Amino acid sequence: MEIQRLVKMANDISRFFEAEPDHDEAVKGVLGHISRFWDPRMRREIAEHAAAGGSGLTDLAREAVSRLPPVTEARTA
Amino acid sequence: MGIRYIDLGTPVRTSEREVTLEIDGTQVTVPEGTSIMRAAAEAGFSIPKLCATDSLEPFGSCRLCLVEIEGRKGFPASCTTPVAEGLVVRTQSSALAKIRRNVMELYISDHPLDCLTCSANGNCELQDMAGVVGLREVRYGYEGANHLDSPKDTSNPYFTFDPSKCIVCSRCVRACEETQGTFALTIDGRGFGSVVSAGQNEDFMDSECVSCGACVQACPTATLMEKSVIEKGQAERSVVTTCAYCGVGCSFRAEMQGTEVVRMVPNKDGHANHGHSCVKGRFAIGYATHKDRITQPMIRASIHDPWKQVTWDEAIAHAASEFRRIQAEHGRGAVGGITSSRCTNEETYLVQKLVRAAFGNNNVDTCARVCHSPTGYGLKTTLGESAGTQAFDSVEKSDVIMVIGANPTDGHPVFGSRMKRRLREGAKLIVIDPRTIDLVRSPHVSASYHLKLRPGTNVAVVNALAHVVMTEGLWNESFVEARCDGHAFAKWRDFIVDPQNSPEALESETGVPAEQIRGAARLFATGGNAAIYYGLGVTEHSQGSTMVMGIANLAMATGNIGREGVGVNPLRGQNNVQGSCDMGSFPHELPGYRHVSDQITRQLFEGEWSVRLEPEPGLRIPNMLDAALDGSFRGIYIEGEDIAQSDPDTQHVTAALEAMECVVVQDIFLNETAKYAHVFLPGATFLEKNGTFTNAERRISPVRKVMPPLCGKEDWEVTQMLSNALGYPMNYSHPSEIMDEIARLTPTFAGVSYDKLERLGSLQWPCNAEAPEGTPTMHVHEFVRGKGNFVVTRYVPTEERTSRKYPLILTTGRILSQYNVGAQTRRTPNVVWHDEDRLEIHPSDAEVRGVRDGDWVGVRSRAGETVLRAVITERVQPGVVYTTFHFPESGANVITTDNSDWATNCPEYKVTAVQVEPVTQPSEWQKRFRSFSDEQLALLARQESQEA
């Protein structure tokens, strides 16, 4: 998928959780949201983007995405 | 079921005290406040009447319902005389008979004697009463002054007004006032000269009449009569079913002659509407038999090929083989499906089951993605359940009503009338909306506060309201302590009391004077039972989910949850938004809002469905479209949705559809999406199938087949055929079996069955062992999630900003006479009220651009450009323009952007920066749209001519 769309989505999520005063909770919030609502191919692509420097991602989004567990080749692949 | 039902004369009364009296020698016990007429009717004694009907307050004008009461002088009207302990009432005597006969004689002396050719023949209360009182002659003759030559008003497309048949009982006038709340009718003149008048002695079409049909329903003669009855005659039977338009979910009796609908009559026993209706549900059903209906399956290899009409088996086999080919070549996840809020619960359940079990992935989504998905996320997070908290009846106990981003009199008109009735009774109103919606000021209704905020600043406003509540000590401490999570509340309190959330700090951002916010907050927190009703003006924003949680925060902080008269109430756009979400249409949830990663839930479904289920969330609609453009998503099954018209950034949607190899559309018309399809499967209207809809108050209501499907199959049968062709067996013989399966698998539906729906009429979920007859009010003793969860809702301005190039904000909405993408209502006479989408613009914005009322104007955003006709009005504030989206050629979504809610990807329809300028020709997109649409209609016509 067009990576900039995924970057925008991740950043939008991070802007909500930035209000969380506890930084670890904020990271968990972004991470949990992406894990629960994003299709594996989207998670894989944003994780690869973050691993390559994560251009355009907010700091919080980059930190959360970098903690995404590896996407196993799901049956949907 | 017959077409006539018992009218008890006056409305039901409720009281803890009961009164016993004697009527015609029989002891009768009724609640205090009941009329003698109703008490008699409930005991089986029918008192003659004309001006009384049980949907309206008694009026006491016709003088037919007189009775004798022992110890009282004269002959009191039984409709206006309440029962009293120990009364002895006689409903029949020679004196009463003489009076009634004389009264009827006077009525008939000024009434045409054309009963045999009258459209009401056989269903006329005047005719009935003449028989009941034994009228045998009219001594006054017809030579004197009369109204028999009064001209008939046929201006309304759906009903006529024939004053020559009017007995001036005022039922129509009272219905317009009490039931609808429009006050369009009045009695003009005095004495013998009294006549019913629409507006200022205007035709109905020129008056304020909104064609809800309440007056027609109330009329005891043929004075106000449906044109369909005049044309076809009286119906022979009726079937109770549920309206297929908005989220109110009104119950109707479809009155039938054979398999033809004569008229739709609102069901007095309907729990959502209590006998009221709007112009759409009551009259706009002509689309069901419109010539544009497609009733034969069709296929084609390319969207530029002519359609080929095929058998059901051929169409289904072709679709199934294409889906399997795509999956074999591009992976199991390369296909998916979309369900619709216009389809029944059973149909949406089957589509998501097909996707999960037959496709083997979770790539299923529903049109709630683009309307109320933030409601699901926000209310689940804060309260624990993805649904509104109240029944519609709850509004009758509200003291303060806050309406945010909703326009109930247009979007949910029957509930809007209920709300207006409560406001006329004295409840206070707070409206939060950029536009001056009708509710702000209508007859006998005036908002205490209209917070006319700038589009996109909802969260700032709700935070400011909560800030006032908390900093001025107006919060409900005992409720919060007892019912809510203390840690979450403390964190939220620290956030909300910060001065950055004060009305003063946010005034420049929201455009709402701080004092207005403070006043509204004080009223909401201290005015008694306070309820919040909201619509798409809340959800369709980049912070839609945040705003829903902000609303829940406000309700919890003020203790306005868990009883009648309060609550958080999403007004759902389409009839089955709630139901389609309940049925597991989202890619991350199985039915009952349980995440696909939950192993216990998955195992439950795997056991029932005999298939292994994917534990990862699937693609949402916008993700599917993005994936189509990158080549990883190539086939889609769309039941009842029109994403090419309804979804944002039209060019993006159509490009994605064009990129797919197999688009299967199941619909009643060749809609905009079907023009990009390779397989067309004809659908059935709500009149042609069985099932259930679930409305905005979680009410599950039956949809009953009143005529055979024009295409030969109900929609659930088509999905079942497709599933079987894909190799996943489905063997239902009736939708009731699908509901039985839903009940087995979904705890909130455990007690739902067709038998129970037949017995009780409707049910509000949760319906289970703890609540066998349903749950009108949720979260009564505790929240579904246990403790209420306050969530920090920081205001984040949308990225869609005005600039010198795009200085205005466009926001969108609906109009009363049209419905969403208009596929249904555009094919009815409702177009007389609204035959094109127009752009509302403030006079000052119009003047600086040289725009005059009615001019064509180009509306250009960062996403695209379209051309609409301008309407200059102060309903919108300076800097804001507004349009509806009912006509595809308007291209409203050509200009909306791809911004979306952070949590759910619900599009930000409500905020688009635009420029407006006079133009003389359609936009480039509109030219391309017309060209493509013409090509598609020609390809359809070529197929039809080949068949001929």
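Q: What makes a residue pair count as a polar contact across the interface of domain 2 of chain B and domain 5 of chain B, and how many are found?
A: In this predicted model, three residue pairs across that interface are in polar contact, with both partners at pLDDT 80 or more. The criterion is a pair of N or O atoms within 3.5 Å, one able to donate a hydrogen and the other to accept it. By class, the side of domain 2 of chain B that touches domain 5 of chain B has nine nonpolar, two polar and one charged residues.

Q: How many salt bridges are counted between domain 2 of chain B and domain 5 of chain B?
A: The count is zero. A salt bridge would require a side-chain nitrogen of Lys or Arg within 4 Å of a carboxyl oxygen of Asp or Glu.

Q: How much area do domain 2 of chain B and domain 5 of chain B bury between them, and which residues supply it?
A: The two domains bury about 1,000 Å² between them, 69% of it on carbon and sulfur atoms. Tyr245(B), Lys280(B) and Tyr287(B) supply 45% of the area that domain 2 of chain B buries against domain 5 of chain B, more than any other three residues. In terms of contact, twelve residues of domain 2 of chain B meet 13 residues of domain 5 of chain B.

Q: Why is His276(B) called buried?
A: His276(B) has a relative accessibility of 5%; the label applies under 20%, and therefore His276(B) counts as buried. The residue lies in the loop between strand S11 (260–266) and helix H7 (279–283) of chain B.

Q: What makes the pairing of His276(B) and Gln180(B) a polar contact?
A: The side chains of His276(B) and Gln180(B) make this contact at 2.8 Å, and the cut-off is 3.5 Å. Beyond four places in sequence, His276(B) is also in contact with other residues, including Cys212(B), Cys250(B) and Val414(B).

Q: Why is the meeting of Asp626(B) and Arg5(A) called a salt bridge?
A: The N to O distance between their side chains is 2.9 Å. Because the rule asks for an Arg or Lys nitrogen within 4 Å of an Asp or Glu carboxyl oxygen, the pair Asp626(B) and Arg5(A) qualifies as a salt bridge. Between chain A and chain B, seven salt bridges are counted.

Q: Which helix gives the most to the side of chain A that touches chain B?
A: H1(A) does, with eight residues. That side of chain A divides into 13 nonpolar, three polar and twelve charged residues.

Definitions and conventions
Residues are numbered from 1 along each chain as its sequence is written. Chains are lettered from A and ligands numbered from 1 in the order in which they are written. This is a predicted model: local features need pLDDT of at least 70, side-chain atom pairs count only at pLDDT 80 or more; totals for chains, interfaces and linings use all residues. Side-chain values use heavy atoms; hydrogens and water are left out. Contact means heavy atoms within 4.5 Å. Buried area is the accessible area (1.4 Å probe) that two parts lose on being put together, summed over both. Ala, Val, Leu, Ile, Met, Phe, Trp, Tyr, Cys and Pro count as nonpolar, Asp, Glu, Lys and Arg as charged, and the others, Gly among them, as polar. Helices (H or I, at least four residues) and strands (E, at least two) are DSSP runs, numbered from the N terminus. Buried means under 20% relative accessible area, exposed over 50%, partly exposed in between (1.4 Å probe, protein chains only).
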